[in-house]
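Subject: The two-chain model, handed over

Hello,

Here is the structure I promised to pass on to you. Please open it alongside this message, and my notes on what turned up will follow just below.

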Amino acid sequence: MNSGKHSKGTRPLITLLSLGLVVLGIGCVSWAAFSIWSQSDEQLNKAAAASAPTVEATAAPAPVSAPATPAPEPVFYATRPKSGDKIGTLSIPALDRSLPLLEGTTNKVLDRGVGHYSGSVLPGEVDNCVVSGHRDTVFRRLNKLKIGDKVIVKTSAGTFTYAVSRKRIVHADDKTVIVPTDHAVLTLTTCYPFNYVGSAPDRYIVSADLVTGE
Amino acid sequence: MNTLKKCRPLSLMVALMFTAMMLLPAVSLAAQPTVGMGTARNFAILAGQTVTVDVEAGITTISGTAGRDLGVSPGSAFTGGENATGIGALHLADAVALQAQKDLGTAYDDAALRIPFTTIPVELGGTTLKAGVYVTETGALELTGELTLDAEGDPDAVFIFKSASSLVTASGSNIRLINGAQPCHVFWQVTSSATLGAGSHFVGHLMALTSIEVLAGATIDGQLLARNGSVTLINDTINNNRCESTTPTTSGGELPKTATPFYDVLVLGVALMLVGAGVWSIRKRFE
């Protein structure tokens, strides 16, 4: 009897709990769906085309393979960008992607596009330029790239075309990826495995050598 | 009252002098920014009237990552092209050369007006100079032997030499860069003409108001830019290179975290909905 009275009293609470769980679930699904949609190709392409780079070039576009074309002084960029500044756009024709390239690799920055690792040189400069992106948004098909595919970075200093030269999978703690190079390299990094739920233990790395700059 | 009025200008002057004394050291200690070359940066050789390349035991070689262009403006004469190799785009009396001359004029004026400057002897040979702006006692600049430019570890260190008349370097003379000094940050503003000696090694952006004559076998790490007159070369080497990057990539940097919570939250949301639906379906048991 006591049990029956108790049950009658708890029914509205159970109803409320179930409705609450469903509403919370719908909220989570909606937020995730919106976030995934906002990082879709179409939205990022729009974002890539929307705003001009906020990083100033030193002068005219920079030459790399054809030194007869204009060059900046003293380096490609007059100032180092601040975290969150738009550097330019990163296009991967093989994946039909055009993505905004921003300074920094914080969560906030990576939610807006591809992030440039601040401890590396800027696009076009001699040395290793490292850029990172989410495996489930901007770089979700990075593993589809083939050796020789082009990666084009457009910044205020010029348009730099890189060709994929190497792909590899390393542990998240690997310290051999972000290292200086003796020529202009673009290194793209993202988490791996691509379909992993939770914090992925590895990183997928694509290296591309600078082919032309104009 | 009159005494007080007389004192006012005096106290004002004292105050101004005091302020100047406080500010001057700060001004002189401030590092010089580089001189912006604009579109002139792309030119290894730029002249106002004529560029002549003579041949003697070999041809002139032009190279460099900053630009190998050759331009003449407002004149258009270029002779001896067959005696040179590596020339980039030729701009003879065209809009590009005109703009480059305008930018050269701006850079020249910028360098000419730089203060504070240090006065040094006319002869630069045998001296070591740190970053700064330099003029000479008589206005002319001469180099016999070796001049050393010391950047003291700062790759952005700027050296500006201003000549009120000419610049003459002797044959076999040399400019040595140490402790990170870069040719792209060395500027020469010459109010008349410059002559670089045979077999000499010269460094920097040479901006002459009139003409530049480079004798046989000289090597120039920089640019030859004559505003109104001519540039003459004989079997020389010109390397017009960009500055090296001053921000090398970190060695052994930690790979950025690139995971999003989107799919985790999506899975969580579906799970919550299922649990909620399950609880809804068993609520009748509590009646």
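Let me begin with strand E16 (residues 186-190) of chain B: five of its five residues are buried, so the strand is largely enclosed by the rest of the structure. Here a residue is buried if 20 or more other C-beta atoms lie within 10 Å of its own, exposed if 12 or fewer, and partly exposed in between, with C-beta atoms placed from the backbone. Strands (E, at least two residues) and helices (H or I, at least four) are DSSP runs, numbered from the N terminus.

Before going further, please note that this is a predicted model, in which local features need pLDDT of at least 70 and side-chain atom pairs count only at pLDDT 80 or more, while totals for chains, interfaces and linings use all residues. Residues are numbered from 1 along each chain as its sequence is written, and chains are lettered from A and ligands numbered from 1 in the order in which they are written.

Back to E16(B). In a regular strand the side chains alternate between the two faces of the sheet. Both faces of E16(B) are covered, with B:Val186, B:Trp188 and B:Val190 buried on one side and B:Phe187 and B:Gln189 buried on the other. What are its partners? Strand E13 (residues 159-163) of chain B runs parallel to E16(B) and is joined to it by five bridges, with B:Phe161 opposite B:Trp188. Strand E18 (residues 201-208) of chain B also pairs with E16(B) in the parallel sense, over four bridges, and there B:Phe187 stands opposite B:His205. Two strands count as paired if DSSP finds at least two bridges between them.

Chain B also has an open sheet of seven strands with parallel pairing, in the order E5-E2-E21-E19-E17-E14-E11. Its edge strands, each pairing on one side only, are E5 (77-79) and E11 (141-143). From one strand to the next the twist averages 5°, where axes are lines fitted to C-alpha atoms (for helices over the stretch in contact) and angles run from 0 to 180 degrees between N-to-C directions. Within this sheet order, E17 (residues 194-196) and E19 (residues 212-214) of chain B run parallel and are joined by three bridges; B:Leu196 has B:Val214 as its bridge partner in E19(B).

Next, the cores. A nonpolar core is a set of buried Ala, Val, Leu, Ile, Met, Phe, Trp, Tyr and Cys residues joined through C-beta atoms within 7 Å. The largest one has 61 residues, and those with the most contacts inside it are B:Ile45, B:Leu46, B:Met207, B:Leu224 and B:Leu225. Helix H2 (residues 95-112) of chain B gives the most to this core, with six residues. Leaving aside residues up to four places away in sequence, B:Met207 touches, among others, B:Leu104 and B:Tyr108, as well as B:Phe187 and B:Trp188. Contact means that the C-beta atoms of two residues, placed from the backbone, lie within 7 Å.

Chain A has three helices and eight strands, which run α-α-β-β-α-β-β-β-β-β-β from the N terminus on. Of its 214 residues, 47% count as buried.

How do the chains meet? On chain A, 63 residues are in contact with 52 residues of chain B. Helix H1 (2-38), strand E4 (128-132) and strand E7 (185-192) of chain A each supply at least two residues to that side of chain A, and H1(A) gives the most, with 20 residues.

Finally, a few backbone details:

- A cis peptide bond, with omega about 0°, joins A:Tyr192 and A:Pro193; A:Pro193 is in the loop between E7 and strand E8 (202-213) of chain A.
- The bond from B:Ile115 to B:Pro116 is cis too, with omega near -5°; B:Pro116 lies in the loop between H2 and strand E8 (118-120) of chain B.
- B:Ala93 is not a glycine, yet has a positive phi of about 55°; B:Ala93 is partly exposed, with 14 other C-beta atoms within 10 Å.
- B:Asn235 also has a positive phi, near 50°; B:Asn235 is buried, with 21 other C-beta atoms within 10 Å.

Enjoy exploring it!

Best wishes
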